[in-house]
Amino acid sequence: MSGTEGTTPPEGGGKVENPRTGGDYAPSVARRLALAQRAGGLLVPLVTTIVAFLIGGLVVLATTGKNPLTTYQAIFEGAGLNWFIEIGSHELRIPFTDAHIPFPWNVNDLESLAAYNLQQTLISFVPLVLTGLAVAFAFRCGMFNIGGQGQYLAGAIMGVWVGSELPGLPGLVHILLAVVAGVVAGALVAGIAGILKATVGTHEVISTIMLNWIMVWTGVFLFGLGGPLQNDTQPFVPVSNDVLDESKLGILWGDPGLQALHVGFYVALAGLVVYWLTLNRTTLGYEVRAVGFNPEAAHYGGISVARNYFLAMAISGAFAGLAGAIDIVGWQYRINTNDVMISSQIAFVGIAVALLGRNKAIGVGLAALLFAALTTGTSTRNLDPEIFRPELAANLTLLIQGLVVLFVGADVLVLYLLNVRKRGRQRAATRPQE
Amino acid sequence: MDERPVLELRGITKRFPGIVANDSVDFDLRKGEVHALLGENGAGKSTLMNVVYGLYRPDEGEIRINGKPAELGSPRAAIENGVGMVHQHFMLIPVMTVAENIVLATEPTHKGVLLDYATAERRVRDISTRFGLAVDPRAIVQDITVGQQQRVEILKALYRGADILVLDEPTAVLTPQEAQELFTIIRSLTEQGKSIIFISHKLNEVTEVADRITVLRRGKKIETLPAAGATEEGLARLMVGREVLLRVDKTAAQPARVLLSVKGLTVEDDRGIEQVRDVSFEVKGGEIVGIAGVDGNGQTELIDAIAGLRRSQAGKIVIGDEDVTDDSCKECLDAGLGHIPEDRQRRGLVLDFSLAENLALHDYDHPPASRHGWLYPKRLIEKARTLLQEFDVRGGGPQTRAGGLSGGNQQKVVLAREIDRNPKVLIAAQPTRGLDVGAIEFVHRRLVGERDEGRGILLVSLELDEILSLSDRILVIFEGRIVGEFPPGASEEELGVAMTGGGRKAA
């Protein structure tokens, strides 16, 4: 049976001990790519990012005629990353140590501005990590959760509601209550999509997109003029009440009068650890991964596929809900109808974060940092109009995001198609047509 | 028989990263002969044939067709040189007619635009009578039997002017009767001057149909010998490189109490069509019950129902003393069922999991593998290490991806997991499909060993050889019904007749 599965070439990298298992066929390009992806781990996302930046640079050159390197330097500084550089030297500061490593350009005396920019980068890092984890967790169970926006909104709505009511509660209890309410809300919203998939097989892409719109319009209704959660003092402004002072998160770094980095930063880091532990060190994670890799084998092994679809979706939504609640009690403190429609779209960037981060905890962390820096670095107020037209700057973020998703998505697509073909062939092998 | 070679391969070497798939292989095919290419999985048979069919370019070596050097850079070039190939998995378009499939890519047309049906049909009829391969040109491919589909594939190659036909594992999908018909066709083709390369790993077929046999092992040509006088034992030794036990050594069964009982079971498939109809049988501890049948006669649904993967419409299933009718898969497993699924890559293994994780598929959720929902990966790895050693799994350790192993080693992993659970009843569905001789020997010995341990074993296989050499009792399934019970000494002919619906209730 030299043509069947017995001869499928090994995919385990170059460590083939038994030459016979090498099989009869040469590994195809796509297969080699899959191999590089598994083996290298870091290689593919790194190449993807670099290519995206190169093409982004070409676009800058074509549209502005300016040196793309200057633009990237401006973005770098706009993101506050120059804070790490020793002022006046060509060296990079390693936080918490006295160590320095060489760096290509030196910085002007902008320490306070750099620090402020870096705080902004880290503030957007928090929801990007959490929404990235939300998408990644669902991916690991073989599902595509596009409903991050709706789940994030559910978290934000509960966060602002609980946070602005119930005066007199002790601060820590109040914060916990607001955050937990947000997490539960996110989990419930995503859980609807999970239940629908588990019971009647509704595709999660469709249901989560529809849930997004349900949550957006719920938010607009709640905080809009005359809405039940509109603020009590300004009847003509469609905004919520502010969260109470005692339910605001503590400040880690920066001027509390401006937007400063809040404790949510640690929550995001803890989220990465929890994600890794859940997937790799719990029976739940084992089941989720088994279902994600091969639902049929999981089912045959006695695992309830339906239950795991629901649980994975709910946990995914919990991460997104946490992002929404943390943003509210961390630095936004209120939400208006405009935020409901626009700011919540940060959750879509979470998809790019998860894709680029390859659904791994460490990858999601790094990808979130990259996108946070890009968003902050290109946001108009941080860029010198002399260097780069501000409208184009913001678009450059979107452009690079788009390119990253395109490249990452393209190789995932190739792998997907390859898998479909392989499965089709296997099915043909199991039961040839009557 | 003409002694002039129509195809000569000289010193063909083909390397892939890390392996030499073909190492300086010589091969020649004479006009009008059937030359069998024999070898285990991964021996290099397919690579060699892909070189002949222009799918691979050899790194070294020369191909001569009718004495002239030929450059076969693509399948098109191969076809132009008179080489045709019938793949194991048919390359037919199921919704088109036989004639349309055969003339595909060289369709006769009206003024270059519209397909000329009449001419196409006439040409197909001509060539089918000329070579004695009866087909109905107007039949839709998906409605005809597998054996007929194979004829269509052969006609397709002949229509394109093939003088050299490569048949890749042609009998894998056929019943014994259909295989005999194929051999008749092969003989009539060679009488008309066609030359045939017959790829197989079934020793009895090779000795029956071939004129000469070339054995490949690990990419090297071991020997070319005339089929007359070749013994199966001798060929197996050449293939594997050591003495192989073809017949399974086993003592008479000592059936004990009933461990699996199926009564009046009726099961529908996903489309709501009855696939298993009122099936009743028992499996006792210490015996192997074989279910023989042509693929698609309800075997899959029967196994799925017993394993809790599919609801039944009527009937009762008891494992040990527990009624598990329509219980979940988990409950069936807990009742004492072990299950080697027929498709190990789709069902038996999570290919992206490590071997340790795969081996834990049934016991990850209780101590020692986990406690209160916390998994202990180290314990999984320790346990995997022992099991991998006991079952002689090669090609990786506990943390190797399952997908990186060869088919035989993957199957050993599944076997290890199922036997380790100490089941009362073990369902082995196609347990040696796609495995090479060495691995088959291991699986067979182990199944007999488990029988002797007192387990009840239900063997479902499409390979009659396997059923005959392992079973203590043989049931034949046809169109969802058990149509006969046979003793282990039954002949292939008897079984073959029952498998195709003739001679009901033979025993």
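Two strands count as paired if DSSP finds at least two bridges between them. Helices (H or I, at least four residues) and strands (E, at least two) are DSSP runs, numbered from the N terminus. On that basis, Leu260(B) stands opposite Ile319(B) in β16(B). This is a predicted model, in which local features need pLDDT of at least 70 and side-chain atom pairs count only at pLDDT 80 or more, while totals for chains, interfaces and linings use all residues. Residues are numbered from 1 along each chain as its sequence is written, and chains are lettered from A and ligands numbered from 1 in the order in which they are written.

**Six-stranded sheet of chain B**

- An open sheet of six strands has the order β6-β9-β10-β3-β11-β12 (chain B), with mixed pairing.
- Strands β9 (residues 164-168) and β10 (residues 195-200) of chain B run parallel and are joined by five bridges; Leu165(B) has Ile196(B) as its bridge partner in β10(B).
- Helix α5 (residues 146-159) of chain B packs on the sheet, where it touches β6 and β9 of chain B, and its direction makes about 165° with that of β6(B); residues are in contact if their C-beta atoms, placed from the backbone, lie within 7 Å.
- Helix α8 (residues 232-240) of chain B lies across β3 (34-38), β11 (212-217) and β12 of chain B, at about 30° to β11(B).

**Antiparallel pairing in chain B**

- Four strands make an open antiparallel sheet in the order β2-β1-β4-β5 (chain B), with β2 (19-30) and β5 (68-69) of chain B as the edge strands.
- Two bridges connect β4 (residues 60-65) of chain B with β5(B) in the antiparallel sense, and Arg64(B) stands opposite Pro69(B) in β5(B).
- Helix α1 (residues 45-52) of chain B lies across β1 (5-16) and β2 of chain B, running at about 60° to β2(B).
- Strands β13 (residues 258-268) and β14 (residues 274-284) of chain B pair in the antiparallel sense over seven bridges; they form a hairpin with five residues between them, and Gly272(B) in the turn has a positive phi of about 85°.
- Five bridges link β13(B) to strand β16 (residues 314-319) of chain B, also in the antiparallel sense.

**Domains of chain B**

- The assignment, automatic or from a database, gives domain 1 (5-240), domain 2 (247-336 + 424-507) and domain 3 (343-422).
- The centres of domain 2 and domain 3 of chain B, taken over C-alpha atoms, are separated by 25 Å.
- In chain B, 11 residues of domain 2 are in contact with nine residues of domain 3; helix α15 (residues 437-452) of chain B gives the most to the domain 2 side, with five residues.

**Backbone exceptions**

- Most residues other than glycine have a negative phi, and most peptide bonds are trans.
- The peptide bond from Pro367(B) to Pro368(B) is cis, with omega near 5°; Pro368(B) is in the loop between α12 (355-359) and β19 (370-371) of chain B.
- Leu166(A), in the loop between α5 (148-164) and α6 (171-200) of chain A, has a positive phi near 55°.
- Glu169(B), in the loop between β9 and α6 (176-191) of chain B, has a positive phi of about 50°.

Terms used
Two residues are in contact if their C-beta atoms, placed from the backbone, lie within 7 Å. Axes are lines fitted to C-alpha atoms, for helices over the stretch in contact, and angles run from 0 to 180 degrees between N-to-C directions.
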